[in-house]
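Here is a brief report on the structure shown below.

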Protein chains: 2
Amino acid sequence: MSSLKTSVVEMVKSIKRGEISSEELVKSYIKEIKKKEKDVEAWEFFDEELAIEQAKKLDLLHQSGNHGDLHGVPVGIKDIFDTVDMPTADGTEIHKENPCLNDCTVVSKLKQAGAVIMGKTVTCELAYYSPGKTKNPHDLSRTPGGSSSGSAAAVASHMVPLAVGSQTNGSIIRPASYCGVVGYKPTRGLISRHLVLQVSRKLDQVGVFSNSVEDAALISEQIIGHDKQDPDTSLNPKPKLLLASQQKPPMEPVFAYIKLPFMNLLEDDSKEGFDEIKDEIKNKLNGKVDEIELPDGFKNITEWHKIIMESDMAASFSKEYKAFKNKLSKKIIEAIERGMKYTSVEYNDALSKIDAANAYFKQFFYDYDAIITPSATGEAPKGLEFTGNPIFCTIWTYCGMPAISLPLLQGKNGLPVGVQLVSSHFDDERLFRNASWLMSKSNK
Amino acid sequence: MSSLKTSVVEMVKSIKRGEISSEELVKSYIKEIKKKEKDVEAWEFFDEELAIEQAKKLDLLHQSGNHGDLHGVPVGIKDIFDTVDMPTADGTEIHKENPCLNDCTVVSKLKQAGAVIMGKTVTCELAYYSPGKTKNPHDLSRTPGGSSSGSAAAVASHMVPLAVGSQTNGSIIRPASYCGVVGYKPTRGLISRHLVLQVSRKLDQVGVFSNSVEDAALISEQIIGHDKQDPDTSLNPKPKLLLASQQKPPMEPVFAYIKLPFMNLLEDDSKEGFDEIKDEIKNKLNGKVDEIELPDGFKNITEWHKIIMESDMAASFSKEYKAFKNKLSKKIIEAIERGMKYTSVEYNDALSKIDAANAYFKQFFYDYDAIITPSATGEAPKGLEFTGNPIFCTIWTYCGMPAISLPLLQGKNGLPVGVQLVSSHFDDERLFRNASWLMSKSNK
């Protein structure tokens, strides 16, 4: 059904003009879910009636002239975000019976914008590595990536045009890359984590999935904003992402291609694809790509990230570990147990380097418009047990810099491979301008 | 000289009216320093000429009609605050040669308010427990308390009418109590720690010493304020402390006297003095004092505080420990070594309880205007080696609640003993109203 490939920006306009009702739109997605869900298994909770009921209410609101910016559009929610009328299991049977007393800030803001909360998408166990049931829609024998597996797969298979996820290491950018959709992780502090499962207060960041850069901008604008209930959210003015995604950069951008110490992990065909993109930017599009090496200290970031993440997991999941160890996966038990062993000095040391790294990048972005870098090591790996290596996301998550994965490449098996752009702290607008530039140029 | 006992609020008015010049005022304090410093030894750095030079410049500014709110008044600065034209040794020979490149935010704000930076006051080694040379002006055989030893002693002996200090456990309230002056530690986040020696980012709080509640309000108003360079400073509006210190509470206050688990440490004569104050409040002043017990969990706060403080010290002083261990005291080496052993989980657990404790107190202060509690265990201890027990400050420092020590009691040796009032987070104005009420009532 072609309407499902329409951009959300256009869908909202159509609903506003009365050309299509939210009920019709939601039902067309439900039809898609019925067709594909038995294969893809992206949903942890989906209740057809509940979705249609919301759409009907929004159609009534439409008649009385009320329109949110996502009016009538269905959104999938990673199953670690609390929802008052749907269960939240956090990918573990330990939490299955936990009552949700309220909507998290993100869901509450989406409802205010008129979104239909379509259901809860599959997450890895406690948003870490042990996968749920979801398969990659492009090849059911492969992982969709994790931990926002269901959100990426649901958007990729057009069961929903938008979805919300979270990233503590590479849980948005990596599945977006594997599933061939746009994944956007804003600057740390732009989106509230109130009533979202806490893995690591220092590292957890909320983000979104969509089929276009514009749509990612549209949904993000609805959920960005300071929230007293997440004291780490920023008081900075909200970025105008939709506008930025529709603007041209003031001049052809200058990208930095960073020779990361783990570049050898990039698969050969992805490396070739990347070289082609770089050539295209330089030779056809009049942009620039400089090859850059980071100072030596940056080699330790993956280790510092690990210390913070596992330390915080040991604190966040201490109850689960103490009372329900037998219901936890081996992988997460090992991470928690490593986390229990770091000293407070190692932890504070790892944290203190975040500011130093950001000071470096602040200077860096006087010279470059964006970093261009792989989103993942290549195509989605075979099998469902391993959700893939997040290493191409770790530095940016650690620093809290904004990142977007664009579905621009194909691997040797014809599966999607993402190109990641990264921008400076709170320069999410510039990230969107450059992402749109690259997408539109590469489509020509 | 009677002018030295005048309140700073009055001094500033006299200077503004031209009744006294800053040079005259500063010289009268210098005279006092020359008389008393050989006994009290409150100053780490004092340069007569540098002080007079500042005063002369301020007198010129006076003639051209420029007046800061502390115009021409000398202030002592604890020797852990960077000053561009005076050395900063942090109480250790290791730092003696460290260059100061700039004034810290506090000193810069004091200069903007027209204060004369009189000199640097003695601090304990790295603002911890090992004392400097300073003696208690009321009895030279006794400790002035620590770590803001020189600031408290200088104000108590009228060598300067105002001084700045800092508190990570009990380093303002305790020396204020021992020296018989007013000591005020604002709500955490009100005063910037930019270019101040960092002991613990989580716990370090700047505060002041003065001879009256009004004067503490006046100097604090000059240095309170958000500072981008200390990201933990608050964006809340600045409290109007001077106004509050001159206002009556809307009705007679209701105090909470908390039966702390370590109340047995309070010396008998201080306990009697405290009972008299409570009686006076209830029977003569129409106030109320309820005796309250804290929930059981609060018993662990001193341990949580210790975990955070020592962990942070191990991180803050790792260079000193690695390169100059032979120049550190046994006490601080032991603290650093304990700090090196805590796990990140213990550390995060200790931190996470701060919010829970504050949630309790938020509710608590719907019923009470202030907590009334001892500032210390009694009179200043004999000898100079032990700076006294900070335990009556620990809970409030841990929570970041505002506290003020009022010189209201006397011990059996005729030495001063402070009464501490504590108020709710960011309710520093109410603290000052109640402090002024208690001071003026008790003076009658």
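What share of the contacts in chain A with a separation of 6 or more comes from residues 24 or more positions apart? Such residues account for 78% of those contacts. The model is predicted.

## Chain A overall

Chain A holds 15 helices and eleven strands. Its radius of gyration is 20 Å, close to the 22 Å that the globule rule gives for 444 residues, so chain A is as compact as a globular protein of that length.

Along the principal axes, the C-alpha atoms of chain A fill a box of roughly 60 × 60 × 45 Å. Of the 444 residues, 57% count as buried.

## Helix H1 of chain B

H1(B) spans residues 8-16. Its buried residues are Val8(B), Met11(B), Val12(B) and Ile15(B). Seen down the helix axis, they fall within an arc of 95°, so they line one face of H1(B). An α-helix has 3.6 residues a turn, so residues three or four places apart point the same way.

Gly18(B) follows H1(B), and its phi is positive, near 80°.

## Contacts between the chains

On each side, 17 residues take part: 17 of chain B are in contact with 17 of chain A. On the chain B side, helices H10 (301-316) and H13 (344-367) are the elements that give two or more residues. H13(B) gives the most, with six.

By class, this side of chain B has seven nonpolar, six polar and four charged residues.

Definitions and conventions: Residues are numbered from 1 along each chain as its sequence is written. Chains are lettered from A and ligands numbered from 1 in the order in which they are written. This is a predicted model: local features need pLDDT of at least 70, side-chain atom pairs count only at pLDDT 80 or more; totals for chains, interfaces and linings use all residues. A residue is buried if 20 or more other C-beta atoms lie within 10 Å of its own, exposed if 12 or fewer, and partly exposed in between; C-beta atoms are placed from the backbone. Helices (H or I, at least four residues) and strands (E, at least two) are DSSP runs, numbered from the N terminus. The arc is that of the directions from the helix axis to the C-beta atoms. The radius of gyration is taken over C-alpha atoms; the globule rule is 2.2 Å times the number of residues to the power 0.38. Two residues are in contact if their C-beta atoms, placed from the backbone, lie within 7 Å. Ala, Val, Leu, Ile, Met, Phe, Trp, Tyr, Cys and Pro count as nonpolar, Asp, Glu, Lys and Arg as charged, and the others, Gly among them, as polar.
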